[in-house]
Amino acid sequence: MRTLDFRDSRPLYEQIIAQIRQEIASDILQEGDQLPSVREMASTLSINPNTIQRAYRELENAGWIISIPGKGSFVCPKKNKDSSETEKLLETFDETSKTLINLGVSPMELVSRLTQLGGGNHA
């Protein structure tokens, strides 16, 4: 269930984007799954439909979803994701890993955590 934190410094549309991306990345939403309509999600979250529309537009521009007029918005295959976004996330991962290592976390502990997340099971 999607929820918004009105105390979060991020804009609401960015919170929605992050939640949908996480649901897709963790296979809660899978290729071809239909997202709720803009009006339905706006009603559920009690926010302006323009906020949902902006989130969907940005998700579509990044290759996470595709919107078909008159049909709705659907999850794209994972291979269609914006490669620049993947690169940006990997850079964030590298920076975070370096910080954790500097704080005393061993590289083997990081590898262990990745293995637990299924790092070896995805292409």
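This is a predicted model: local features need pLDDT of at least 70, side-chain atom pairs count only at pLDDT 80 or more; totals for chains, interfaces and linings use all residues.
The secondary structure of the protein consists of 5 helices and 2 strands, arranged along the sequence in the order α-α-α-β-β-α-α. Of the 123 residues in the protein, 28% are buried. Among contacts with a sequence separation of 6 or more, 47% involve residues 24 or more positions apart. The accessible surface amounts to about 8700 Å², and carbon and sulfur atoms contribute 52% of this area.

Helix α1 spans residues 12–25 and thus comprises 14 residues. The distance from its first C-alpha to its last is 20 Å, close to the 20 Å expected at 1.5 Å a residue. The buried residues of α1 are Y13, Q15, I16, I17, I20, E23 and I24. Their cover includes helices α2 (38–45) and α3 (49–61) as well as strands β1 (65–68) and β2 (72–75). Just after α1, a positive phi of about 65° is found at D27.

Strands β1 and β2 run antiparallel and are joined by 4 bridges. Within this pairing, S67 lies opposite S73 of β2. The two strands form a hairpin in which 3 residues separate β1 from β2. In the turn, G70 adopts a positive phi of about 80°.

Helix α2 contains T44. This residue counts as exposed, because its relative accessibility of 54% lies above the 50% cut-off. T44 and T3 are 41 residues apart in sequence, whereas their C-alpha atoms are 9.4 Å apart in space.

On the surface, a nonpolar patch is formed by F93, L114 and L117, with about 310 Å² of accessible area together. F93 belongs to helix α4, which covers residues 83–102.

The structure holds 4 salt bridges. Side chains of opposite charge can pair when their charged atoms come close. One of the salt bridges links the side chains of R7 and D5, with an N to O distance of 3.7 Å. R7 is exposed at a relative accessible area of 78%, while D5 is partly exposed at 33%. In another salt bridge, the side chains of R10 and D8 meet at 2.9 Å, N to O. Both partners are partly exposed: R10 has a relative accessibility of 36%, and D8 has one of 23%.

A further salt bridge connects E58 with R54, the closest N and O atoms lying 3.5 Å apart. E58 and R54 are 4 residues apart in helix α3 and are therefore separated by about one helical turn. An α-helix has 3.6 residues a turn, so residues three or four places apart point the same way. The relative accessible area is 34% for E58, which is partly exposed. R54 is likewise partly exposed, with a relative accessible area of 36%.

How values were computed:
Residues are numbered from 1 along each chain as its sequence is written. Side-chain values use heavy atoms; hydrogens and water are left out. The expected span of a helix is 1.5 Å times one less than its number of residues. Buried means under 20% relative accessible area, exposed over 50%, partly exposed in between (1.4 Å probe, protein chains only). Contact means heavy atoms within 4.5 Å. Patches are made of residues with over 30% relative accessible area and no salt bridge: like charges are joined within 9 Å, nonpolar side chains (Val, Leu, Ile, Met, Phe, Trp, Tyr) within 5 Å. Accessible areas come from the Shrake-Rupley method with a 1.4 Å probe; for residues, only the protein chains shown count as cover. Two strands pair if DSSP finds at least two bridges between them.
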